Amino acid sequence: MPIVLAKNKRPSEKENRYILEAINVKKHFPIKAGVFQQTVGQIKAVDGISLYVKKGETLGIVGESGSGKSTAGRTFVRLYEPTAGKVLFKGKDISRLPERELTRFVRKNIQMIFQDPYASLNPRKQLRSILNEPFTTHRLYDRKMRDQKISELLLKVGLSPSYMNRYPHEFSGGQRQRIGIARALALQPELIIADEAVSALDVSIQAQIINLMEELQEEFGLTYIFISHDLSVVRHISSRVAVMYLGKIMEFANKKDLYEDPLHPYTQALLSAVPVPRKKGAVKRERIVLKGDVPNPANPPAGCVFHTRCPAAMDICRNIEPVFQEIKTEHFVACHLYENHKIL
């Protein structure tokens, strides 16, 4: 469902330019069965989400496994073709661009860092060949200049240029993720989508990679979409956060508002499970335990998709989908509890 903005509340284009905007984006995967592989249903992995990303910020997308956050990220960059909706990059609709223009305009300016550093690198290629591929695809530089650029990229991510002739199996997990970051930087993109980029790494290595990403963002003016299930990591790196559940965005706000004053019952439950250090005199946070499991995305509940597990569910939640609306300035919630709430 599209974002409902209060009048005179959207910042002017001069005040704030969106580098990427998703408008009612859907991604449904067909379920096929039988000898003739007929479509018998659909998995609604992403089911009508709307958000915007400001230039130079880090937008975090969080949610449980199966919430659709990784599918959303891949749909934004057209690794998955959207079923419906629009994706605007720098004001241009990229959701229906032909392949040639997609390569020239989107692939060069939007890159991805993938979750598994062991699976995202070709084990049969040397590091030089892996990092040379973006230059070859886009026909950039001669051979001598490419080696120079690869050396510069490796130094930027904290690796030695002498590693160019090594294969991926000769690197640790953290080093492989640095290689993935170097590959993403090769074409000097404006937006990088990091899909669970640190979840497969040890905690100490996670911190190093996060710090590296922040340093690169500062140096190159990068914009990030940071997808993760780890609320603590997202809190550290993100400017604003979107909370997803079963293919929909439940809440969307700046980091401070979302973590200090979560409005949606699902966000409140997620945050209640995050361990926090006990301070003397601090009020103990009440743990909210959600009952049941996440419903099947092939057959999501009617009304609010969260009502089957929501401790605050009402009769209206079972039949009518809540409007995704602005409750406070740039704080959006899809919940019937706030339906008649005036913007603050």
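Me: Which exposed residues does the face of H6 turned away from its buried side carry?

Reply: This is a predicted model, in which local features need pLDDT of at least 70, side-chain atom pairs count only at pLDDT 80 or more, and totals for chains, interfaces and linings use all residues. Residues are numbered from 1 along each chain as its sequence is written, and side-chain values use heavy atoms, without hydrogens and water. Buried means under 20% relative accessible area, exposed over 50%, and partly exposed in between (1.4 Å probe, protein chains only). Turned away from the buried side of H6 are the exposed residues Glu215 and Glu218.

Me: Within what arc do the buried residues of H6 fall?

Reply: The buried residues of H6 are Gln206, Ile209, Ile210, Leu212, Met213, Leu216 and Gln217. They line one face of the helix, because, with directions taken from the helix axis to the C-beta atoms, they fall within an arc of 160 degrees.

Me: How far apart are the end C-alpha atoms of helix H6?

Reply: Helices (H or I, at least four residues) and strands (E, at least two) are DSSP runs, numbered from the N terminus. The expected span is 1.5 Å times one less than the number of residues. For the 18 residues of H6 (residues 203-220) this gives 26 Å, which agrees with the end C-alpha distance of 26 Å.

Me: Which residue follows H6?

Reply: The residue after H6 has a positive phi, near 65 degrees. That residue is Gly221.
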